[in-house]
Amino acid sequence: MARERVAEGVKKGYTSSQGLIAQGRGECFDYLIAEKTTASAKEAIKAASAMLLLSKRPALSVNGNVAALVPEEMVALAEELCIPLEVNLFHRSEERVKKIADLLRAAGAKKVLGERPDATVPGLDHARALATRGGIYDADVVLIPLEDGDRCEALVAMGKKVIAIDLNPLSRTAKKATVCIVDNIVRAVPCLTEQIRLLSSLPRSDLQKIVEEYDHKKILQQAVQEIQDNLSRQFQEDLE
Ligand code: ATP
């Protein structure tokens with residue numbers, strides 16, 4: 001179903017053809033984690049939720065794959081945090097930005113940024129650097145589902161806390177992010193919204209403790225270990 005949604009996105013022109021390749025790579029890694037939200041991903045979701053709740057200016061980035069797979073879920077997340085969504089494309093075309101913004105509005109988004117970018121992220125070539133003031137450009141915490149490594153690194157270099165959602169724990173995005181949720185966005189985004197709802201009543205000191213205790217490197221290592229354990233288990237079961 002997810003593959004069909006991305007293919008439909010390409011047909012309708014809001015997902016790029018490269019988005020299909022990203023989907024294929026994602027499916028492969030999802031298979032390796034048995035298509036389930038792992039313990040390490042749950043830890044990352046908890047830290048990401050606390051980080052978003054503590055943030056003064058959080059921002060949520062949406063690209064063509066995200067729009068194809070979880071438009072309503074991204075709207076629900078934005079609603080929970082009372083912030084806009086921002087269309088942010090690697091292969092930017094004004095037509096695609098408008099199509100995605102329209103799709104998000106049709107899914108219920110009250111405010112969508114990205115159609116009139118007014119700033120650039122340093123260190124990237126122009127089309128990839130475009131961002132919006134009041135959105136990603138001056139955010140202190142940015143959620144980037146399915147982002148490429150260069151942009152993740154450039155946002156981190158601007159001093160932002162970057163939360164990635166990426167099924168590949170070996171990608172540059174996963175390594176460079178402040179927090180990486182190694183899970184399928186289809187499962188991760190609803191979990192994130194739910195966790196934010198649950199943690200929203202905690203005092204700031206408790207949220208700060210969750211963020212301070214989070215160890216990005218350890219969680220990525222755990223994600224790789226979970227893949228190894230799952231592979232050994234599956235292989236063993238297949239032989240029996
Ligand atoms: P990097 O530059 O970070 O090394 P890349 O070039 O490998 O990344 P891209 O093709 O830019 O990756 O982005 C696709 C990434 O998104 C892949 O790592 C893939 O595993 C991940 N991905 C694809 N579909 C999903 C999904 N549904 N949920 C989460 N992650 C996904």
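User: What makes β1 and β2 count as a pair of strands?
Analyst: Three bridges join β1 (residues 58–62) to β2 (residues 85–87), and the two strands run parallel. A pair needs at least two bridges, so three will do. At one spot in this pairing, S61 stands opposite E86 in β2. Keep in mind that we're looking at a predicted model.

User: And β1 with β6, how many bridges are there?
Analyst: Three bridges again, in the parallel sense. L60 has L143 in β6 as its bridge partner. On to β7 (residues 161–165): five bridges join β6 to β7, also parallel, with I144 partnered by A164.

User: So what order do the strands take in the sheet?
Analyst: The order is β3-β2-β1-β6-β7-β8, an open sheet of six strands with parallel pairing.

User: Which strands are called edge strands, and why?
Analyst: β3 (112–113) and β8 (179–181) are the edge strands: each of them pairs on one side only.

User: How do you know whether β6 is covered or open?
Analyst: Buried means under 20% relative accessible area, and five of the five residues in β6 are buried, so β6 is mostly covered. Look at both faces: V141, L143 and P145 are buried on one side, V142 and I144 on the other. As background, side chains in a regular strand alternate between the two faces of the sheet.

User: Are α1 and α2 roughly parallel or roughly antiparallel, and why?
Analyst: The axes of α1 (residues 2–12) and α2 (residues 18–32) come within 10 Å and cross at roughly 170°. Angles over 145 degrees count as roughly antiparallel, so α1 and α2 get that label. By class, their contact has five nonpolar, two polar and two charged residues. The α1 residues are A2, R3, V6, A7 and V10, which meet G19, L20, Q23 and E27 in α2.

Notes. Residues numbered from 1 in each chain as written. Predicted model: local features only at pLDDT ≥ 70, side-chain atom pairs only at ≥ 80, totals over all residues. Heavy atoms only, no water. Helix = DSSP H or I, 4+ residues; strand = E, 2+ residues; numbered from the N terminus. Axes fitted to C-alpha atoms, helices over the stretch in contact; angles between N-to-C directions. Parallel < 35°, antiparallel > 145°, perpendicular 65-115°, else oblique. Contact = heavy atoms within 4.5 Å. Nonpolar A, V, L, I, M, F, W, Y, C, P; charged D, E, K, R; others polar. Buried < 20%, exposed > 50% of the residue type's maximum accessible area, 1.4 Å probe, protein only.
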